[in-house]
Amino acid sequence: MENKGENKLPEKIIIRGGKKLSGTINVQGAKNAALPVMAAAILLKNASLTLSNVPDLYDIRTMCDLLRNLGASVEFEGHSMRISVPEKLNTETPTDLVRKMRASSLVLGPLVARWGHALLPLPGGCVLGSRPLDFHLKGLSKMGADIELKNGAVSASSGRLNGASVTLDYPSVGATENIMMAATLAAGTTCIENAAKEPEIVNLADVLRLMGADIKGDGTERIVIIGREELSSASGYIIPDRIEAATYMMAGVITGGDVTLKGIEEKCMEAILNKMRDAGAEFAVTGDSVSVRVSSNGLKGISVKTLPFPGFPTDTQPQIMALLSVADGTSIVNESVFDSRLLHINEFKKFGARIEMQDNVAIITGVKKLNGTVVHSSNLRAGAALIIMGLAAEGETTVCDLQHVWRGYESLGEKLRTLGADIEFED
Ligand code: UD1
C-alpha cells in the first residue's frame, strides 16, 4: 500500500486540475482516535489490546515504533493491530520518535499511571504556533505526579496516582485524553471539568471501558473516572475519520463533481456539513454514506470560526478556505483554536486566490478561477488544502513536501484516482 511506513513515500504530487471528481470511496479509520487508543495499551501489563479499522498512516507507524521502543510488541496487518504489553515497559521515550509527532505526548499519562515514571522530550509535529503541554502537566501534577522540566524533556514520577478534580483552562483534546487515561488507574475518583467533547475522546473512553475502566460523561464537558487496580485485555474499534471525509467532500465540491463517502458517522460531522451547506453544497445521506455536490446556485462566501467540538474543527480550516477561495463574494475565516494556523495563505495566493490576513482572521474574496502553480505544504491539513486547490486549478500544480500529508491520508493517490483525478507522484 501507498502508505506503508517502511517504504519511502513520494515527496511531490503533480495534479492536472479541472477534472470533476465523482465516485465512491471508503473513509479510513480516524488518525486522531487511533493514536490515543494505541497509547492506552501502555495502561496494560501482561495483556494485549486488539484494534480494528486502524488507518495505515505515517503517524500510526511512528506510534507503533514508539510503543515497540518502550518494550511492547505491535503487530499491524491490514487495518488490524495487536499491541501486547509484557511484564515490564521502559519509561524513557526516544527523542527522534517523539520529535516526529506531537501526539507522542499521549504516552505520558499512561506511562506515569501504570509504570510510575515517564521521560518525554518535548514533542514535535505540525507547525501550528505554540503548542504547550501545560494543561497535561498541571492535571498529572494535581493527581500527585512530580513533574520536572530539564534539558528540553519532561520527567514525571509518581507512586500510584490519586484521583483529583481537574479543571482545564481550555478543552484541550490531548490533555483530556492524557488525564482520562491516567485516571483509569488512579486511587479514587477523578473529575475532569471543561473536558474536550470530540468524538475521538468518546472512542478512547469506549475502548478504555472495554479494558475495564469506569468512565462516565465522555462527550460532555464533565468526565468522571473511578480508578481501578488494573485493566485487562480487550478488542476495540476505531471510528471513521471525519477530517479525511471532509477533505474529500471539499475536493468533490470545488471541482463541481459528485462524491460519495462510505462509512461515515454523520452526527460527528454536523458543523462541517452545515458550513458546507451554507456555502452551497448539497448532501444526500443514505445509511452510513454521504453524497455531496455543489447546488445549481454555485458556491457563495460565508463566515467560519474554528472551535472545539461540536464547533467547526480547526483540522478542516485550510480545506474550507480552499473551497471559499472560489466562492462568490467575501468569506471570513477566524482561526480561534491555534495561534498560527493561517500560514498556508501565502501558498494559496500562488494559485491566484485573494486572501488578506488580520491576526487570526482571513478575509477571502472569491475568484472565478485558480491557476496551477508550484506550492509547498507546511503541515498536514495545509498540504491537503493545497491538493484541493490544485484539483480545482487550471493547468498543472505541483504540491511539494508531501511528507506532511502522508501523516494523515491513507491511499491518497488511489482514492483520488478512483474519483477521476489526473495525478502522478514524484520522489
Ligand atoms: C488535537 C488533534 C489535532 C487538532 C487539535 C484541536 C490529535 C492527535 N491531534 O491536538 O489534530 O488540531 O486536537 O482539535 O488528536 N493548549 C495549551 N496547553 C496545553 C494543551 C493545549 O495551551 O497543555 C492549547 C494549544 O496550544 C491549542 C489549544 O490548546 O491552542 C488546543 O489544543 P489541543 O486540543 O490540546 O490539541 P492537540 O490535542 O494537540
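Let's start inside: Ala 322 has 0% relative accessibility, so it counts as buried (buried is under 20% relative accessible area, exposed is over 50%, and partly exposed is in between, using a 1.4 Å probe and protein chains only). Keep in mind that this is a predicted model, where local features need pLDDT of at least 70, side-chain atom pairs count only at pLDDT 80 or more, and totals for chains, interfaces and linings use all residues. Residues are numbered from 1 along each chain as its sequence is written, and side-chain values use heavy atoms, with hydrogens and water left out.

**Around Ala 322**

- Ala 322 sits in helix H10, residues 317-324 (helices are DSSP runs of H or I with at least four residues, strands are runs of E with at least two, and both are numbered from the N terminus).
- Leaving aside residues up to four places away in sequence, Ala 322 touches Ile 254, Phe 348, Ala 385, Ile 388 and Met 389 (contact means heavy atoms within 4.5 Å).
- How far apart are Ala 322 and Ile 387 in sequence and in space? They are 65 residues apart along the sequence and 9.2 Å apart from C-alpha to C-alpha.
- In the loop between strand E17 (303-305) and H10 you'll find Pro 310. A cis peptide bond joins Phe 309 to Pro 310, with omega at about 10 degrees.

**Helix H6**

- H6 (residues 173-183) is mostly covered, with 10 of its 11 residues buried.
- The buried set is Gly 174, Ala 175, Thr 176, Glu 177, Asn 178, Ile 179, Met 180, Met 181, Ala 182 and Ala 183.
- Ser 172 caps the N-terminal end of H6, placing a side-chain oxygen 3.0 Å from the backbone nitrogen of Ala 175 (a polar contact is a pair of N or O atoms within 3.5 Å; within protein, one must be able to donate a hydrogen and the other to accept it, and residues adjacent in sequence count only if both atoms are side-chain atoms).

**Rings and cysteines**

- The structure holds 1 aromatic pair. Trp 406 and Phe 425 form that pair, which is tilted, at 5.6 Å centre to centre and with 40 degrees between the planes (rings of Phe, Tyr and Trp, taking the six-membered ring of Trp, pair if their centres lie within 6.5 Å; planes under 30 degrees apart are stacked, over 60 edge-to-face, and the rest tilted).
- The pair links distant parts of the chain, 19 residues apart: Trp 406 belongs to helix H13 (residues 403-406) and Phe 425 to strand E23 (residues 422-426).
- Trp 406 counts as buried at 2% relative accessibility, while Phe 425 is partly exposed with a relative accessible area of 22%.
- Arg 114 lies over the face of Trp 115, 5.6 Å from the ring centre (a charge sits over a ring if NZ of Lys or CZ of Arg is within 6 Å of the ring centre and within 35 degrees of the ring normal).
- As for disulfides, the structure holds 0 (a disulfide is a pair of cysteine sulfur atoms within 2.5 Å). Cys 64 counts as buried at 1% relative accessibility, and Cys 400 is buried with a relative accessible area of 7%.

**Asparagines in loops**

- Asn 151 is in the loop between strand E7 (146-150) and strand E8 (153-157). Its phi is positive, about 50 degrees, although Asn 151 is not a glycine, and the residue is exposed with a relative accessible area of 79%.
- Asn 194 lies in the loop between strand E10 (189-193) and helix H7 (199-210). Not a glycine either, Asn 194 has a positive phi of about 60 degrees and is partly exposed, with a relative accessible area of 28%.
- Is Asn 379 buried or exposed? Asn 379 counts as buried, at 5% relative accessibility. Its place is in the loop between strand E21 (374-376) and helix H12 (380-392), and a polar atom of its side chain lies 2.9 Å from the backbone nitrogen of Ala 382.
- Asn 379 and Thr 50 are 329 residues apart in sequence and 30 Å apart in space, C-alpha to C-alpha.
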